[in-house]
Protein chains: 4
Amino acid sequence: MKELTTDRIGPDDYVLLSIGQRKSYLVRAEPGKSFHTHKGYVKFDDIIGKEFGTPVMSSLRFEFVALKPLLRDYIMKCARQTQIMYPKDISLIVMFSGIGPGSRVVEAGTGTGAMTTALAHFVRPEGKIYSYEIREEFQRMAERNLKKAGLADFVELKNKDITLGIDERDIDSVILDLAVPWLVVPHAYIALRTGATVVSFSPTIDQVVRTVEALRENSFTDAETVECLMRGMQIERGKTRPQTLMTAHSGYITTARKVLRESLPT
Amino acid sequence: MKELTTDRIGPDDYVLLSIGQRKSYLVRAEPGKSFHTHKGYVKFDDIIGKEFGTPVMSSLRFEFVALKPLLRDYIMKCARQTQIMYPKDISLIVMFSGIGPGSRVVEAGTGTGAMTTALAHFVRPEGKIYSYEIREEFQRMAERNLKKAGLADFVELKNKDITLGIDERDIDSVILDLAVPWLVVPHAYIALRTGATVVSFSPTIDQVVRTVEALRENSFTDAETVECLMRGMQIERGKTRPQTLMTAHSGYITTARKVLRESLPT
Amino acid sequence: MKELTTDRIGPDDYVLLSIGQRKSYLVRAEPGKSFHTHKGYVKFDDIIGKEFGTPVMSSLRFEFVALKPLLRDYIMKCARQTQIMYPKDISLIVMFSGIGPGSRVVEAGTGTGAMTTALAHFVRPEGKIYSYEIREEFQRMAERNLKKAGLADFVELKNKDITLGIDERDIDSVILDLAVPWLVVPHAYIALRTGATVVSFSPTIDQVVRTVEALRENSFTDAETVECLMRGMQIERGKTRPQTLMTAHSGYITTARKVLRESLPT
Amino acid sequence: MKELTTDRIGPDDYVLLSIGQRKSYLVRAEPGKSFHTHKGYVKFDDIIGKEFGTPVMSSLRFEFVALKPLLRDYIMKCARQTQIMYPKDISLIVMFSGIGPGSRVVEAGTGTGAMTTALAHFVRPEGKIYSYEIREEFQRMAERNLKKAGLADFVELKNKDITLGIDERDIDSVILDLAVPWLVVPHAYIALRTGATVVSFSPTIDQVVRTVEALRENSFTDAETVECLMRGMQIERGKTRPQTLMTAHSGYITTARKVLRESLPT
């Protein structure tokens, strides 16, 4: 992701056109072209060269703001062909993983790259994400999404089946979002540094039970499973209330840490 | 936070002594000394020089694991004199802020440094946290906690009242956890880059309403308020169920982005 | 609501045609007519005279079950022109109210009669519901819904503004679901027996605060406000998980009890 | 439960002594005796003959209110030797069961009688609860609790193992709160009227899966499982917020309806 150090919108930069209330579009500012919505069109030549954060009127006189996309904008706009992983889950997974700038992380499956984008964002510029995916069409989609966010350099996309093994060693965290995480646990043990984390995201209880059992059988400690619910609020003086609908479930997050197998004498 | 590149426990290193089930102690491995619990004592000389992640027997024959502390361990062990901010909230605030390696962030109040620790962890080594706090005793506590986590170099602790103004400019995010966040909003507008974020954490609805009103009056867009609930699961084949108790509320998280005040003609 | 003592479907009886997965239709079994769905039609003459609970094939060979409607079926099928009150809320309101067979209850506003239906169901045959509503079109709708459920005899629908006063005395509970519940609190004090309950349902925080203040100022004790969240589970061996979407908010439930104004000497 | 028709506290009546904030004691007003708390004592002779809802000063000058106990008070004060079932769950179970005045209900196990108390409250005076329990000490406790609430006449306590069979027929609902609900499902099919409900309450996912499978195999339709979360609010102008702690899980509620086994021709 490009830093906020460049404050001016360049030709072909990605821009988040927001009309407020969290309704927004992630678009590329192509010179000579326009972006059309039901609230009128915006000419990109009107915003190129301007500062990010500048308001711009559409042809139908609605005010848009041309914002620089942030991490969560890239995540939410990742093409949605797969079950989405939400910012609420991604941020908690990053926290549980313990990673940060410089970390080396293995991820599977890549999917459309929402999690990959976040991981690359937080480990750059010295760290690296090794992301496994067996479906080539997803890999191509993830590659496009990573390039859009300017994060492709920090990711190695691997068209491999992680249930057959992990190539890397001395890894700081293994992040799993696939149907059979328990099959990866023994490989994760070999790939991880001692004390490092596995974090797995699964929609069903049955996946969680099998994964936690595999973690316990493979010398991981402090296994813990949580779910995270996020509810929006409508804030207006005299009318404040929680929103009417919410996502009731995306998935359970399970984490544990690798322990050396032999015990020390006291 | 030290990278996981050093895998051996050195003298005076901080160690997380875990006895499983997320029961653990953050201690300093002082040569010649021991750590005493109701499950027996552990001699630090037994673990110094060993790899992080090594199991060790206590004098009463309970197995502890000597883990390298991760970000969330430092957060959870921040001295608890103030209302705690949980990893679930901190991770979502980081996500909403849009920050990453290299970001420059203003925070207030410092408190005991839980949020500061996380911010420093994610912006290091090039970024910087400017953290305002008016109560000196908290500042000293935060300083100790940041040193413990090896993150003090990335933070400037300021003993100043942020409601009177922010010294910094071109900031990537202003993170607020204080009683009167709405008083800081006009200062945040001046301190932030265009398009950059404010994220505020408040326990009461009334604080949220006043803050959202201040954001709307001060040319911020896309104001959004959420709350995040995390529930633990007890995973055991044949007995799997959610945990009995949970934190029902810590605080609401409000975020918005700075917009340039003048509008462009179409 | 008719008891389950009549087990056979009579002409013009209301029937719940269920196709499983909680997809169902509340229809009247009119002789000589049919009910048409996208899964084929069901002839009422095929089910009249049969036992409630009998499966019946549609013209397209889908199996429907002709069930006797229960309280929650009548509630959910109340015409939805107004903000719906859900069975989860209605059942908790009934519990907090303390009412049961024989109770005399004041309610406002009637709306489309979902709450009224439940109250009448639980106080019959000796009890009575006095239900206030200022909008005549709602009152007519509620009357139809109550007749459908066979409960109209236990309800007196009153086309009156309850904020101007309550006619009844020695009431066991006052149940409020209207925009300005705090204006009714002084009237409720007069209408209620000593020790009896007010229960108020409101979507916004601001309504709750004003109502609780009115309760405290008007000699009610034990004021308490809760919200109730219900989440569905998808149960299938190997694929069990919470449902994807849920209602995030319908309203807050506030309850309190009337206290005599003068204190006794010890 | 005695109606609120008697408004005066009689000798040996049960009284809810409340000191506000939902702190209260369920006591018997024995002539000549007193009730002692850390806020002083209350002489029963001071309240006998007074109206329910009367405030009374304790010896230490704290104000108590002598309230008539409501259903939820009796439920909450049921001796707590077993896992408690909360009013939130009990009220939803009653709603799902479809029962009301006059219903005949089978329940197992009785436990300390919290659910039994609610069922008897809602089916009286014509209905009947048949409550199975194999542990005699629980049965005795339930009997005491039912007598306290004035509801023993509407309950037949049976010291029998319901997994071996149900004696009753043409039952309106079978309510289950025991370790092995799936073993009762075939018996419930025989005992229930066509179209009538089973409602089962279980803390673990595994119990739910086995019960839903048994329901599907035994000609029940519309099987549905939910969980209910209740969160309290602290209401005070300028300081309104959700409460800090809540019950994260008590149990899942599963319901389904009996269908006749043979299908009708179209």
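Student: Where do I start, and how do I read the names?
Tutor: This is a predicted model, in which local features need pLDDT of at least 70 and side-chain atom pairs count only at pLDDT 80 or more, while totals for chains, interfaces and linings use all residues. Residues are numbered from 1 along each chain as its sequence is written, and chains are lettered from A and ligands numbered from 1 in the order in which they are written.

Student: OK, chain A then. How many helices and strands are there in chain A?
Tutor: Chain A has 7 helices and 15 strands. Both kinds are DSSP runs numbered from the N terminus: helices are H or I with at least four residues, strands are E with at least two.

Student: And what box do the C-alpha atoms of chain A fill?
Tutor: Roughly 75 × 45 × 35 Å, taken along the principal axes.

Student: How much of chain A counts as buried?
Tutor: 57% of its 266 residues. Buried means that 20 or more other C-beta atoms lie within 10 Å of the residue's own; 12 or fewer makes it exposed, anything in between partly exposed, and C-beta atoms are placed from the backbone.

Student: Now the neighbours. How many residues of chain B are in contact with chain A?
Tutor: 74 residues of chain B, and they meet 75 residues of chain A. Contact here means that the C-beta atoms of two residues, placed from the backbone, lie within 7 Å.

Student: Which part of chain B gives the largest share of that side?
Tutor: Strand β12(B), residues 220-234, with 12 residues. By class, the side of chain B that touches chain A holds 34 nonpolar, 19 polar and 21 charged residues. Nonpolar covers Ala, Val, Leu, Ile, Met, Phe, Trp, Tyr, Cys and Pro, charged covers Asp, Glu, Lys and Arg, and the others, Gly among them, are polar.

Student: What does β12(B) pair with in chain A?
Tutor: With strand β12 of chain A, also residues 220-234, in the antiparallel sense over 9 bridges. Strands pair if DSSP finds at least two bridges between them. Met230(A), for one, has Cys228(B) as its bridge partner.

Student: Switching to chain C: how many of its residues are in contact with chain A?
Tutor: 17 residues of chain C, against 17 of chain A. The largest share of chain C's side, 3 residues, comes from β14(C). In class terms, that side divides into 6 nonpolar, 7 polar and 4 charged residues.

Student: Which strand of chain A pairs with β14(C)?
Tutor: Strand β14 of chain A, residues 245-247, antiparallel over 3 bridges. Thr247(A) stands opposite Leu245(C) there.

Student: What rotation superposes chain C on chain A?
Tutor: One of 180°, with 0.0 Å of shift along its axis and an RMSD of 0.0 Å. The two copies are therefore related as by a two-fold rotation axis. The superposition is by least squares on the C-alpha atoms of residues with pLDDT of at least 70 in both. The same surface serves both copies, since 100% of the contact residues of chain C recur in chain A.

Student: Which residue of chain C comes closest to the axis?
Tutor: Met246(C), at 2.9 Å by its C-alpha.

Student: Last topic: in what order do the strands of the open sheet in chain B run?
Tutor: The 4 strands go β2-β1-β6-β5, with antiparallel pairing. β2 (24-28) and β5 (54-57) of chain B are at the edges with a single partner strand each, so one side of each has no neighbour in the sheet. β5(B) is joined to β6(B), residues 63-67, by 4 bridges, and Val56(B) has Phe64(B) as its bridge partner.
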